[in-house]
Amino acid sequence: MLLAIETSCDETSVALLERNGTVRANLIASQIERHQPFGGVVPEIASREHLQHLFPLLTRALGHAGAKWSDVEGIAVTAGPGLIGALLVGVAGAQGLAYGLGVPLIPVNHLEGHLFSAYLQKEGAAIPMPARFLSMVISGGHSSIYDVKAGVSTMLNRTRDDAIGETFDKVAKFIGLPYPGGPQIEKFGREGSADPKRFPFPVPQFKEESLDFSYSGIKAGAIRLAREHGITATGDAKSLADFCATFQDALIAQLIDRLDAVWRRIDEPKPTEIAIAGGVAANGVLRDRVARWGGERGLIVRLPEKRYCTDNAAMIGFAALQREGSATDPRRVIARSRVH
Amino acid sequence: MLILAADTSLPLLSVALLRDETVIGALSLEGKGSRNEKLLPSVDWLLSESGTPRESIDLFAVTRGPGSFTGVRIGLATIQGLALVLGKPVCAMSTHEAIASEFHQRVVIADDAGRGEFYLSEFEAGRETRPPHLATAEERSRLHGHVVDVSAYLQRHNVAAGCARRALEIHRSGALDRYADVTPIYVRLAEAEVKLQQKRSE
(Lines give C-alpha, C1' and ligand atoms only; values in the text may rest on other atoms or scores of the structure.)
Protein backbone atom coordinates (compact mmCIF):
# COMPACT_ATOMS: atom_id res chain seq x y z
CA MET A 1 0.00 0.00 0.00
CA LEU A 2 1.06 3.59 -0.61
CA LEU A 3 0.74 6.27 2.06
CA ALA A 4 0.28 9.85 0.84
CA ILE A 5 0.60 13.18 2.65
CA GLU A 6 -0.54 16.62 1.48
CA THR A 7 0.15 19.84 3.43
CA SER A 8 0.75 22.44 0.73
CA CYS A 9 -1.88 24.97 1.72
CA ASP A 10 -4.71 24.92 4.27
CA GLU A 11 -5.83 21.28 4.29
CA THR A 12 -3.89 18.56 6.08
CA SER A 13 -4.60 15.28 4.35
CA VAL A 14 -3.44 11.68 4.63
CA ALA A 15 -4.45 8.85 2.30
CA LEU A 16 -3.75 5.18 1.76
CA LEU A 17 -4.03 3.72 -1.72
CA GLU A 18 -3.61 0.34 -3.32
CA ARG A 19 -1.49 0.04 -6.44
CA ASN A 20 -4.56 -0.02 -8.68
CA GLY A 21 -5.65 3.36 -7.33
CA THR A 22 -8.24 2.09 -4.88
CA VAL A 23 -8.49 4.71 -2.15
CA ARG A 24 -8.53 2.89 1.19
CA ALA A 25 -8.55 6.06 3.27
CA ASN A 26 -8.53 9.76 2.45
CA LEU A 27 -8.81 11.95 5.53
CA ILE A 28 -8.76 15.73 5.44
CA ALA A 29 -8.47 18.16 8.32
CA SER A 30 -9.59 21.51 6.98
CA GLN A 31 -8.33 24.72 8.50
CA ILE A 32 -10.89 26.93 6.78
CA GLU A 33 -12.43 28.14 10.04
CA ARG A 34 -9.02 28.91 11.51
CA HIS A 35 -8.21 31.27 8.63
CA GLN A 36 -11.66 32.81 8.31
CA PRO A 37 -11.00 35.78 10.64
CA PHE A 38 -8.08 36.77 8.39
CA GLY A 39 -10.01 36.55 5.10
CA GLY A 40 -7.36 34.28 3.59
CA VAL A 41 -4.76 31.67 4.43
CA VAL A 42 -2.07 32.83 6.89
CA PRO A 43 1.09 30.81 6.16
CA GLU A 44 2.42 30.61 9.74
CA ILE A 45 -0.97 29.57 11.12
CA ALA A 46 -1.32 26.98 8.34
CA SER A 47 2.07 25.49 9.23
CA ARG A 48 1.15 25.31 12.92
CA GLU A 49 -2.15 23.62 12.16
CA HIS A 50 -0.55 21.06 9.85
CA LEU A 51 1.77 19.78 12.56
CA GLN A 52 -1.11 19.58 15.01
CA HIS A 53 -3.23 17.50 12.63
CA LEU A 54 -0.70 15.38 10.74
CA PHE A 55 0.07 12.64 13.27
CA PRO A 56 -3.47 12.11 14.57
CA LEU A 57 -4.57 11.83 10.92
CA LEU A 58 -1.86 9.27 10.13
CA THR A 59 -3.01 7.00 12.93
CA ARG A 60 -6.67 7.43 11.99
CA ALA A 61 -6.01 6.78 8.30
CA LEU A 62 -4.25 3.52 9.09
CA GLY A 63 -7.16 2.46 11.27
CA HIS A 64 -9.62 3.51 8.58
CA ALA A 65 -7.85 1.37 5.97
CA GLY A 66 -7.34 -1.50 8.40
CA ALA A 67 -3.62 -1.33 7.66
CA LYS A 68 -0.43 -1.70 9.67
CA TRP A 69 2.80 0.23 9.20
CA SER A 70 4.36 -2.92 7.78
CA ASP A 71 1.81 -2.77 4.92
CA VAL A 72 3.18 0.59 3.77
CA GLU A 73 5.53 0.05 0.81
CA GLY A 74 6.13 3.65 -0.11
CA ILE A 75 5.31 7.20 0.92
CA ALA A 76 4.20 10.02 -1.37
CA VAL A 77 4.36 13.63 -0.28
CA THR A 78 3.62 16.98 -1.88
CA ALA A 79 6.98 18.69 -2.29
CA GLY A 80 5.63 21.83 -4.01
CA PRO A 81 4.34 24.20 -5.17
CA GLY A 82 2.74 25.64 -2.05
CA LEU A 83 3.45 27.51 1.17
CA ILE A 84 7.01 26.54 2.08
CA GLY A 85 6.47 26.28 5.84
CA ALA A 86 3.35 24.20 5.29
CA LEU A 87 5.04 21.90 2.76
CA LEU A 88 7.94 21.33 5.15
CA VAL A 89 5.69 19.84 7.84
CA GLY A 90 4.46 17.15 5.46
CA VAL A 91 7.87 16.59 3.91
CA ALA A 92 9.69 16.29 7.27
CA GLY A 93 7.03 13.94 8.61
CA ALA A 94 7.20 11.83 5.45
CA GLN A 95 10.99 11.74 5.63
CA GLY A 96 10.93 10.42 9.18
CA LEU A 97 8.29 7.83 8.37
CA ALA A 98 9.98 6.62 5.17
CA TYR A 99 13.44 6.47 6.73
CA GLY A 100 12.09 4.64 9.76
CA LEU A 101 10.27 2.11 7.59
CA GLY A 102 13.09 1.85 5.08
CA VAL A 103 10.73 2.50 2.16
CA PRO A 104 11.09 4.90 -0.80
CA LEU A 105 9.74 8.44 -0.68
CA ILE A 106 8.08 9.87 -3.76
CA PRO A 107 8.00 13.68 -3.96
CA VAL A 108 4.92 14.83 -5.88
CA ASN A 109 4.14 18.05 -7.71
CA HIS A 110 0.85 19.27 -6.25
CA LEU A 111 -0.43 20.27 -9.68
CA GLU A 112 0.11 16.76 -11.04
CA GLY A 113 -2.03 15.52 -8.20
CA HIS A 114 -4.88 17.64 -9.51
CA LEU A 115 -4.22 16.74 -13.16
CA PHE A 116 -5.05 13.06 -12.69
CA SER A 117 -7.65 13.41 -9.92
CA ALA A 118 -10.71 12.91 -12.14
CA TYR A 119 -9.69 9.28 -12.64
CA LEU A 120 -9.95 8.42 -8.95
CA GLN A 121 -13.17 6.74 -7.89
CA LYS A 122 -15.12 6.91 -4.68
CA GLU A 123 -14.79 3.15 -4.42
CA GLY A 124 -12.68 0.58 -6.18
CA ALA A 125 -9.81 0.86 -8.64
CA ALA A 126 -9.11 4.08 -10.51
CA ILE A 127 -10.51 4.55 -14.02
CA PRO A 128 -7.78 3.56 -16.51
CA MET A 129 -6.16 6.70 -17.84
CA PRO A 130 -6.07 7.09 -21.62
CA ALA A 131 -2.77 7.62 -23.42
CA ARG A 132 -3.83 11.20 -23.96
CA PHE A 133 -6.38 13.60 -22.45
CA LEU A 134 -6.95 17.26 -21.75
CA SER A 135 -7.02 18.30 -18.11
CA MET A 136 -8.26 21.66 -16.94
CA VAL A 137 -7.07 22.64 -13.46
CA ILE A 138 -9.23 25.36 -11.95
CA SER A 139 -8.73 26.44 -8.36
CA GLY A 140 -7.80 29.35 -6.12
CA GLY A 141 -4.28 29.25 -7.50
CA HIS A 142 -4.58 27.85 -11.00
CA SER A 143 -6.51 28.25 -14.23
CA SER A 144 -4.76 26.21 -16.90
CA ILE A 145 -5.50 23.60 -19.51
CA TYR A 146 -2.97 20.80 -19.97
CA ASP A 147 -2.42 18.32 -22.75
CA VAL A 148 -1.49 15.11 -20.92
CA LYS A 149 0.30 12.53 -23.10
CA ALA A 150 1.55 9.30 -21.55
CA GLY A 151 1.45 10.97 -18.14
CA VAL A 152 3.55 13.95 -19.27
CA SER A 153 1.68 17.25 -19.19
CA THR A 154 2.15 20.30 -21.39
CA MET A 155 0.55 23.55 -20.28
CA LEU A 156 -1.53 25.01 -23.11
CA ASN A 157 -2.67 28.20 -21.46
CA ARG A 158 -2.69 30.09 -18.18
CA THR A 159 -4.27 33.08 -16.55
CA ARG A 160 -2.73 36.46 -17.18
CA ASP A 161 -3.82 37.72 -13.81
CA ASP A 162 -6.19 36.18 -11.25
CA ALA A 163 -7.10 32.50 -11.02
CA ILE A 164 -10.79 31.70 -11.40
CA GLY A 165 -11.14 30.49 -7.79
CA GLU A 166 -9.36 33.59 -6.54
CA THR A 167 -11.88 35.72 -8.46
CA PHE A 168 -14.79 33.87 -6.84
CA ASP A 169 -13.20 34.34 -3.39
CA LYS A 170 -12.28 37.99 -3.75
CA VAL A 171 -15.67 39.10 -5.03
CA ALA A 172 -17.43 37.02 -2.35
CA LYS A 173 -15.26 38.68 0.27
CA PHE A 174 -16.09 42.12 -1.11
CA ILE A 175 -19.83 41.55 -0.74
CA GLY A 176 -19.36 40.08 2.74
CA LEU A 177 -19.71 36.35 2.09
CA PRO A 178 -17.45 34.07 4.15
CA TYR A 179 -14.28 32.40 2.86
CA PRO A 180 -14.07 30.31 0.69
CA GLY A 181 -16.35 32.33 -1.56
CA GLY A 182 -16.85 29.97 -4.49
CA PRO A 183 -19.34 27.62 -2.81
CA GLN A 184 -21.15 30.66 -1.35
CA ILE A 185 -21.59 32.30 -4.77
CA GLU A 186 -22.91 29.02 -6.14
CA LYS A 187 -25.31 28.59 -3.22
CA PHE A 188 -26.82 32.08 -3.51
CA GLY A 189 -26.74 31.97 -7.31
CA ARG A 190 -28.96 28.89 -7.25
CA GLU A 191 -31.76 31.03 -5.77
CA GLY A 192 -31.50 33.63 -8.54
CA SER A 193 -31.27 33.89 -12.28
CA ALA A 194 -28.61 35.47 -14.45
CA ASP A 195 -29.54 39.02 -15.43
CA PRO A 196 -26.82 40.40 -17.72
CA LYS A 197 -28.92 43.50 -18.51
CA ARG A 198 -28.91 44.59 -14.89
CA PHE A 199 -25.38 43.30 -14.27
CA PRO A 200 -23.39 43.83 -17.48
CA PHE A 201 -20.11 42.11 -16.65
CA PRO A 202 -17.23 43.09 -18.92
CA VAL A 203 -16.28 40.43 -21.46
CA PRO A 204 -12.51 40.48 -22.03
CA GLN A 205 -11.51 40.72 -25.69
CA PHE A 206 -8.74 38.31 -26.55
CA LYS A 207 -6.56 38.50 -29.61
CA GLU A 208 -7.18 35.75 -32.12
CA GLU A 209 -3.94 33.94 -31.25
CA SER A 210 -4.38 34.15 -27.48
CA LEU A 211 -5.43 31.13 -25.43
CA ASP A 212 -5.09 32.81 -22.04
CA PHE A 213 -7.60 33.35 -19.28
CA SER A 214 -8.02 36.76 -17.71
CA TYR A 215 -10.23 37.27 -14.71
CA SER A 216 -9.14 40.62 -13.30
CA GLY A 217 -11.54 42.52 -15.59
CA ILE A 218 -14.53 40.52 -14.40
CA LYS A 219 -13.36 40.95 -10.83
CA ALA A 220 -13.11 44.72 -11.15
CA GLY A 221 -16.47 44.80 -12.96
CA ALA A 222 -18.07 42.70 -10.21
CA ILE A 223 -16.81 45.00 -7.49
CA ARG A 224 -18.05 48.06 -9.40
CA LEU A 225 -21.48 46.50 -10.08
CA ALA A 226 -21.82 45.31 -6.48
CA ARG A 227 -21.07 48.82 -5.27
CA GLU A 228 -23.47 50.46 -7.74
CA HIS A 229 -26.33 48.12 -6.89
CA GLY A 230 -25.60 47.91 -3.17
CA ILE A 231 -25.09 44.14 -3.28
CA THR A 232 -24.13 42.78 0.13
CA ALA A 233 -24.50 39.47 1.98
CA THR A 234 -27.05 41.09 4.28
CA GLY A 235 -28.82 43.21 1.65
CA ASP A 236 -31.73 42.46 -0.69
CA ALA A 237 -31.81 38.68 -1.13
CA LYS A 238 -33.19 38.68 -4.68
CA SER A 239 -30.54 41.13 -5.91
CA LEU A 240 -27.79 39.15 -4.17
CA ALA A 241 -28.99 35.89 -5.77
CA ASP A 242 -29.24 37.41 -9.25
CA PHE A 243 -25.86 39.07 -8.89
CA CYS A 244 -24.24 35.77 -7.86
CA ALA A 245 -25.87 33.88 -10.73
CA THR A 246 -24.77 36.49 -13.29
CA PHE A 247 -21.24 36.70 -11.92
CA GLN A 248 -20.84 32.92 -11.93
CA ASP A 249 -22.17 32.79 -15.49
CA ALA A 250 -19.61 35.36 -16.63
CA LEU A 251 -16.75 33.35 -15.11
CA ILE A 252 -17.92 30.09 -16.63
CA ALA A 253 -18.64 31.68 -20.02
CA GLN A 254 -15.01 32.74 -20.28
CA LEU A 255 -13.86 29.30 -19.20
CA ILE A 256 -15.85 27.65 -21.99
CA ASP A 257 -14.75 30.29 -24.50
CA ARG A 258 -11.08 29.61 -23.68
CA LEU A 259 -11.63 25.88 -23.75
CA ASP A 260 -13.05 26.34 -27.24
CA ALA A 261 -10.04 28.41 -28.31
CA VAL A 262 -7.65 25.74 -27.01
CA TRP A 263 -9.67 23.00 -28.68
CA ARG A 264 -9.57 24.73 -32.08
CA ARG A 265 -5.82 25.10 -31.82
CA ILE A 266 -5.07 21.44 -31.09
CA ASP A 267 -3.96 19.49 -34.15
CA GLU A 268 -5.74 16.37 -35.33
CA PRO A 269 -5.96 13.72 -34.05
CA LYS A 270 -7.41 15.48 -31.04
CA PRO A 271 -7.73 13.89 -27.60
CA THR A 272 -10.93 11.98 -26.93
CA GLU A 273 -11.18 12.73 -23.22
CA ILE A 274 -11.30 15.85 -21.10
CA ALA A 275 -10.94 15.99 -17.32
CA ILE A 276 -11.43 18.88 -14.97
CA ALA A 277 -9.85 19.26 -11.53
CA GLY A 278 -9.30 21.63 -8.63
CA GLY A 279 -11.61 23.27 -6.12
CA VAL A 280 -13.65 25.14 -8.74
CA ALA A 281 -14.37 21.80 -10.47
CA ALA A 282 -16.79 21.14 -7.60
CA ASN A 283 -19.07 23.92 -8.93
CA GLY A 284 -22.26 22.25 -10.15
CA VAL A 285 -23.11 24.77 -12.88
CA LEU A 286 -19.60 24.58 -14.26
CA ARG A 287 -19.66 20.77 -14.25
CA ASP A 288 -22.88 20.82 -16.27
CA ARG A 289 -21.50 23.28 -18.82
CA VAL A 290 -18.25 21.37 -19.31
CA ALA A 291 -20.18 18.09 -19.61
CA ARG A 292 -22.41 19.68 -22.26
CA TRP A 293 -19.43 21.19 -24.11
CA GLY A 294 -17.70 17.81 -24.20
CA GLY A 295 -20.89 15.99 -25.12
CA GLU A 296 -21.38 18.25 -28.14
CA ARG A 297 -17.96 17.20 -29.39
CA GLY A 298 -18.37 13.50 -28.68
CA LEU A 299 -15.75 13.57 -25.91
CA ILE A 300 -15.63 11.49 -22.76
CA VAL A 301 -15.87 14.01 -19.91
CA ARG A 302 -14.28 13.06 -16.57
CA LEU A 303 -15.68 15.08 -13.69
CA PRO A 304 -13.81 14.45 -10.43
CA GLU A 305 -15.59 13.21 -7.35
CA LYS A 306 -16.24 16.32 -5.26
CA ARG A 307 -14.03 14.91 -2.48
CA TYR A 308 -11.07 14.92 -4.89
CA CYS A 309 -11.59 18.50 -6.11
CA THR A 310 -10.16 20.38 -3.17
CA ASP A 311 -6.69 19.52 -1.88
CA ASN A 312 -6.46 15.92 -0.74
CA ALA A 313 -3.79 13.28 -0.27
CA ALA A 314 -5.52 10.61 -2.38
CA MET A 315 -4.69 12.54 -5.56
CA ILE A 316 -1.08 12.96 -4.41
CA GLY A 317 -0.79 9.21 -3.89
CA PHE A 318 -2.41 8.57 -7.26
CA ALA A 319 0.04 10.91 -9.03
CA ALA A 320 2.90 9.07 -7.26
CA LEU A 321 1.58 5.77 -8.62
CA GLN A 322 2.03 7.20 -12.14
CA ARG A 323 5.53 8.27 -11.21
CA GLU A 324 7.09 5.42 -9.34
CA GLY A 325 10.31 6.03 -11.23
CA SER A 326 10.78 9.25 -9.26
CA ALA A 327 10.98 7.43 -5.92
CA THR A 328 13.92 8.78 -4.03
CA ASP A 329 16.05 8.41 -0.94
CA PRO A 330 14.07 9.87 2.00
CA ARG A 331 17.13 11.76 3.19
CA ARG A 332 17.24 13.88 0.05
CA VAL A 333 13.82 15.38 -0.48
CA ILE A 334 13.63 19.10 -1.08
CA ALA A 335 10.46 21.13 -0.62
CA ARG A 336 9.97 24.04 -2.99
CA SER A 337 7.37 26.78 -2.84
CA ARG A 338 7.63 27.26 -6.61
CA VAL A 339 8.05 24.45 -9.09
CA HIS A 340 8.86 25.00 -12.74
CA MET B 1 19.63 2.25 26.53
CA LEU B 2 20.18 3.81 23.09
CA ILE B 3 18.95 7.37 22.71
CA LEU B 4 18.79 9.40 19.51
CA ALA B 5 18.28 13.12 20.06
CA ALA B 6 17.86 16.10 17.75
CA ASP B 7 17.60 19.84 18.07
CA THR B 8 16.57 21.88 15.04
CA SER B 9 15.27 24.91 16.87
CA LEU B 10 18.59 26.78 17.09
CA PRO B 11 20.91 28.26 14.44
CA LEU B 12 23.19 25.22 14.79
CA LEU B 13 21.32 22.03 14.12
CA SER B 14 22.52 19.15 16.31
CA VAL B 15 21.99 15.41 16.57
CA ALA B 16 23.44 12.96 19.07
CA LEU B 17 23.44 9.23 19.68
CA LEU B 18 24.09 8.10 23.25
CA ARG B 19 24.27 4.78 25.03
CA ASP B 20 23.08 5.81 28.47
CA GLU B 21 25.38 8.74 29.46
CA THR B 22 28.03 7.88 26.91
CA VAL B 23 28.18 9.71 23.62
CA ILE B 24 28.51 7.37 20.64
CA GLY B 25 28.37 10.22 18.17
CA ALA B 26 27.27 13.83 17.97
CA LEU B 27 27.36 16.47 15.32
CA SER B 28 26.43 20.09 14.81
CA LEU B 29 25.76 21.72 11.51
CA GLU B 30 24.85 25.24 10.54
CA GLY B 31 21.08 25.27 10.18
CA LYS B 32 20.89 27.69 7.25
CA GLY B 33 18.41 26.83 4.53
CA SER B 34 15.86 24.11 5.15
CA ARG B 35 16.82 22.02 8.13
CA ASN B 36 14.95 19.05 6.70
CA GLU B 37 17.70 18.75 4.10
CA LYS B 38 20.24 18.29 6.89
CA LEU B 39 18.47 16.49 9.70
CA LEU B 40 17.97 13.02 8.21
CA PRO B 41 21.37 12.97 6.46
CA SER B 42 22.91 13.79 9.88
CA VAL B 43 20.88 11.11 11.68
CA ASP B 44 21.74 8.62 8.96
CA TRP B 45 25.45 9.45 9.14
CA LEU B 46 25.49 8.90 12.91
CA LEU B 47 23.66 5.59 12.65
CA SER B 48 25.55 4.20 9.69
CA GLU B 49 29.04 5.31 10.80
CA SER B 50 28.45 3.83 14.25
CA GLY B 51 26.91 0.67 12.78
CA THR B 52 23.68 1.22 14.69
CA PRO B 53 20.51 -0.23 13.13
CA ARG B 54 17.64 2.23 13.47
CA GLU B 55 15.47 -0.49 15.04
CA SER B 56 17.82 -0.67 18.02
CA ILE B 57 17.10 2.89 19.18
CA ASP B 58 15.16 2.69 22.45
CA LEU B 59 14.19 6.31 22.95
CA PHE B 60 13.91 9.40 20.77
CA ALA B 61 14.50 12.81 22.32
CA VAL B 62 13.69 16.13 20.66
CA THR B 63 13.43 19.82 21.48
CA ARG B 64 10.17 21.78 21.11
CA GLY B 65 11.57 25.32 21.02
CA PRO B 66 11.54 28.19 21.61
CA GLY B 67 13.49 28.99 18.47
CA SER B 68 12.94 28.86 14.74
CA PHE B 69 9.25 28.07 14.17
CA THR B 70 9.94 26.15 10.97
CA GLY B 71 12.99 24.46 12.47
CA VAL B 72 11.04 23.23 15.50
CA ARG B 73 8.32 21.81 13.26
CA ILE B 74 10.85 19.98 11.09
CA GLY B 75 12.50 18.37 14.13
CA LEU B 76 9.21 17.36 15.74
CA ALA B 77 7.70 16.01 12.50
CA THR B 78 10.79 14.01 11.52
CA ILE B 79 11.45 12.53 14.97
CA GLN B 80 7.77 11.75 15.52
CA GLY B 81 7.64 10.02 12.13
CA LEU B 82 10.68 7.91 12.99
CA ALA B 83 9.45 7.00 16.46
CA LEU B 84 5.93 6.24 15.27
CA VAL B 85 6.92 3.61 12.70
CA LEU B 86 9.65 2.14 14.90
CA GLY B 87 7.21 1.93 17.79
CA LYS B 88 9.47 3.78 20.24
CA PRO B 89 8.65 6.59 22.69
CA VAL B 90 9.47 10.26 22.16
CA CYS B 91 10.68 12.46 25.00
CA ALA B 92 9.99 16.07 23.92
CA MET B 93 11.30 18.97 26.01
CA SER B 94 11.86 22.68 25.73
CA THR B 95 15.14 23.64 24.06
CA HIS B 96 16.07 25.44 27.27
CA GLU B 97 15.52 22.31 29.34
CA ALA B 98 17.98 20.43 27.12
CA ILE B 99 20.56 23.14 27.85
CA ALA B 100 19.78 23.45 31.55
CA SER B 101 20.39 19.74 32.11
CA GLU B 102 24.12 20.51 32.33
CA PHE B 103 23.75 22.87 35.29
CA HIS B 104 23.24 21.85 38.89
CA GLN B 105 22.56 25.27 40.37
CA ARG B 106 19.76 27.77 39.79
CA VAL B 107 20.07 29.02 36.24
CA VAL B 108 18.28 31.31 33.80
CA ILE B 109 18.44 30.34 30.13
CA ALA B 110 18.30 33.36 27.82
CA ASP B 111 18.04 33.39 24.05
CA ASP B 112 17.78 36.26 21.61
CA ALA B 113 14.24 36.21 20.21
CA GLY B 114 14.88 38.99 17.68
CA ARG B 115 13.08 42.35 17.60
CA GLY B 116 14.88 43.35 20.78
CA GLU B 117 13.21 40.63 22.82
CA PHE B 118 14.39 37.50 24.62
CA TYR B 119 13.14 34.04 25.42
CA LEU B 120 13.82 33.27 29.08
CA SER B 121 13.23 30.28 31.31
CA GLU B 122 14.34 29.33 34.79
CA PHE B 123 15.68 26.08 36.23
CA GLU B 124 16.65 24.74 39.64
CA ALA B 125 19.10 21.82 39.38
CA GLY B 126 17.86 21.04 35.87
CA ARG B 127 14.16 21.17 36.79
CA GLU B 128 12.08 23.85 35.15
CA THR B 129 10.75 26.38 37.63
CA ARG B 130 9.50 28.88 35.06
CA PRO B 131 8.68 27.85 31.47
CA PRO B 132 9.87 29.79 28.40
CA HIS B 133 8.43 33.28 28.15
CA LEU B 134 9.12 36.51 26.30
CA ALA B 135 11.07 39.30 27.99
CA THR B 136 12.26 42.76 27.02
CA ALA B 137 15.92 43.69 26.66
CA GLU B 138 15.59 45.63 29.91
CA GLU B 139 14.26 42.61 31.78
CA ARG B 140 17.08 40.56 30.29
CA SER B 141 19.70 43.08 31.50
CA ARG B 142 18.30 43.05 35.02
CA LEU B 143 18.73 39.30 35.43
CA HIS B 144 21.14 38.32 38.16
CA GLY B 145 22.67 35.02 39.18
CA HIS B 146 23.76 32.44 36.67
CA VAL B 147 22.52 33.33 33.20
CA VAL B 148 23.27 31.05 30.25
CA ASP B 149 23.26 32.76 26.89
CA VAL B 150 22.03 30.24 24.34
CA SER B 151 23.98 31.54 21.34
CA ALA B 152 27.29 31.45 23.24
CA TYR B 153 26.48 28.05 24.77
CA LEU B 154 25.70 26.70 21.31
CA GLN B 155 29.26 27.32 20.10
CA ARG B 156 30.74 25.12 22.82
CA HIS B 157 28.21 22.36 23.39
CA ASN B 158 26.05 19.93 21.48
CA VAL B 159 22.47 20.73 22.47
CA ALA B 160 21.16 17.38 21.21
CA ALA B 161 23.56 15.55 23.54
CA GLY B 162 22.16 17.56 26.47
CA CYS B 163 18.68 16.71 25.27
CA ALA B 164 19.55 12.99 25.23
CA ARG B 165 21.02 13.14 28.76
CA ARG B 166 17.99 14.93 30.12
CA ALA B 167 15.74 12.36 28.39
CA LEU B 168 17.65 9.56 30.11
CA GLU B 169 17.06 11.22 33.51
CA ILE B 170 13.40 11.65 32.71
CA HIS B 171 13.12 8.03 31.63
CA ARG B 172 14.88 6.82 34.80
CA SER B 173 12.63 8.86 37.05
CA GLY B 174 9.61 7.31 35.32
CA ALA B 175 8.37 10.69 34.07
CA LEU B 176 8.32 10.01 30.30
CA ASP B 177 4.53 10.39 30.30
CA ARG B 178 4.90 14.03 31.25
CA TYR B 179 7.17 14.61 28.23
CA ALA B 180 4.86 13.07 25.64
CA ASP B 181 3.53 16.46 24.52
CA VAL B 182 5.06 16.96 21.08
CA THR B 183 3.55 20.37 20.32
CA PRO B 184 6.02 23.19 19.62
CA ILE B 185 6.74 25.82 22.24
CA TYR B 186 6.31 28.90 20.08
CA VAL B 187 5.97 31.45 22.93
CA ARG B 188 5.03 33.98 20.27
CA LEU B 189 1.76 34.06 18.39
CA ALA B 190 1.79 34.17 14.60
CA GLU B 191 2.27 37.77 13.43
CA ALA B 192 -1.17 37.88 11.79
CA GLU B 193 -2.74 36.83 15.09
CA VAL B 194 -1.03 39.67 16.95
CA LYS B 195 -2.27 42.20 14.38
CA LEU B 196 -5.80 40.84 14.56
CA GLN B 197 -5.81 41.15 18.37
CA GLN B 198 -4.51 44.72 18.15
CA LYS B 199 -7.23 45.56 15.64
CA ARG B 200 -9.92 44.08 17.88
CA SER B 201 -8.73 45.91 20.97
CA GLU B 202 -8.66 49.28 19.18
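**Figure 1. Aromatic pairs in the predicted model.** In this predicted model, the count of aromatic pairs over all chains comes to 11. One of them joins Phe168(A) and Phe247(A), whose ring centres are 5.9 Å apart; the planes stand at 75°, over the 60 degrees required, so the pair is edge-to-face. This pair links distant parts of the chain, 79 residues apart: Phe168(A) belongs to helix H5 (residues 164–174) of chain A and Phe247(A) to helix H8 (residues 237–265) of chain A. Phe168(A) and Phe247(A) are both buried.

**Figure 2. The pair formed by Phe201(A) and Phe247(A).** The ring centres of Phe201(A) and Phe247(A) are 5.8 Å apart, and the planes make an angle of 35°, so this pair is classed as tilted. Phe201(A) is situated in the loop between helix H6 (181–190) and helix H7 (216–228) of chain A, whereas Phe247(A) lies in helix H8 of chain A; the pair therefore ties together parts that are 46 residues apart in sequence. Phe201(A) has a relative accessibility of 10% and so counts as buried, the cut-off being under 20%. For Phe247(A), which is also buried, the relative accessible area is 0%.

**Figure 3. The aromatic cluster of chain A.** One aromatic cluster is formed by Phe168(A), Phe199(A), Phe201(A), Phe243(A) and Phe247(A). Among its members, Phe247(A) pairs edge-to-face with Phe168(A) and in a tilted arrangement with Phe201(A).

**Figure 4. The interface of chain B and chain A.** Chain B contributes 31 residues to the contact and chain A contributes 29 residues. Between them the two chains bury about 2,700 Å², of which 65% is on carbon and sulfur atoms. Leu40(B), Arg73(B) and Val85(B) account for 21% of the area that chain B buries against chain A, more than any other three residues.

**Figure 5. Polar and charged contacts across the interface, and the side of chain B that touches chain A.** Three salt bridges are found across the interface of chain B and chain A. One of these joins the side chains of Arg34(A) and Glu193(B), with an N to O distance of 3.0 Å. Nine residue pairs are in polar contact between chain B and chain A, both residues being at pLDDT 80 or more. On the side of chain B that touches chain A, helix H1 (36–49), helix H2 (69–86) and helix H7 (191–201) of chain B each supply at least two residues. H2(B) provides the largest share, 13 residues. By residue class, this side of chain B comprises 18 nonpolar, six polar and seven charged residues.

Notes: Residues are numbered from 1 along each chain as its sequence is written. Chains are lettered from A and ligands numbered from 1 in the order in which they are written. This is a predicted model: local features need pLDDT of at least 70, side-chain atom pairs count only at pLDDT 80 or more; totals for chains, interfaces and linings use all residues. Side-chain values use heavy atoms; hydrogens and water are left out. Contact means heavy atoms within 4.5 Å. Buried area is the accessible area (1.4 Å probe) that two parts lose on being put together, summed over both. A salt bridge is a side-chain nitrogen of Lys or Arg within 4 Å of a carboxyl oxygen of Asp or Glu. A polar contact is a pair of N or O atoms within 3.5 Å; within protein, one must be able to donate a hydrogen and the other to accept it, and residues adjacent in sequence count only if both atoms are side-chain atoms. Helices (H or I, at least four residues) and strands (E, at least two) are DSSP runs, numbered from the N terminus. Ala, Val, Leu, Ile, Met, Phe, Trp, Tyr, Cys and Pro count as nonpolar, Asp, Glu, Lys and Arg as charged, and the others, Gly among them, as polar. Rings of Phe, Tyr and Trp (its six-membered ring) pair if their centres lie within 6.5 Å; planes under 30 degrees apart count as stacked, over 60 as edge-to-face and the rest as tilted. Buried means under 20% relative accessible area, exposed over 50%, partly exposed in between (1.4 Å probe, protein chains only).
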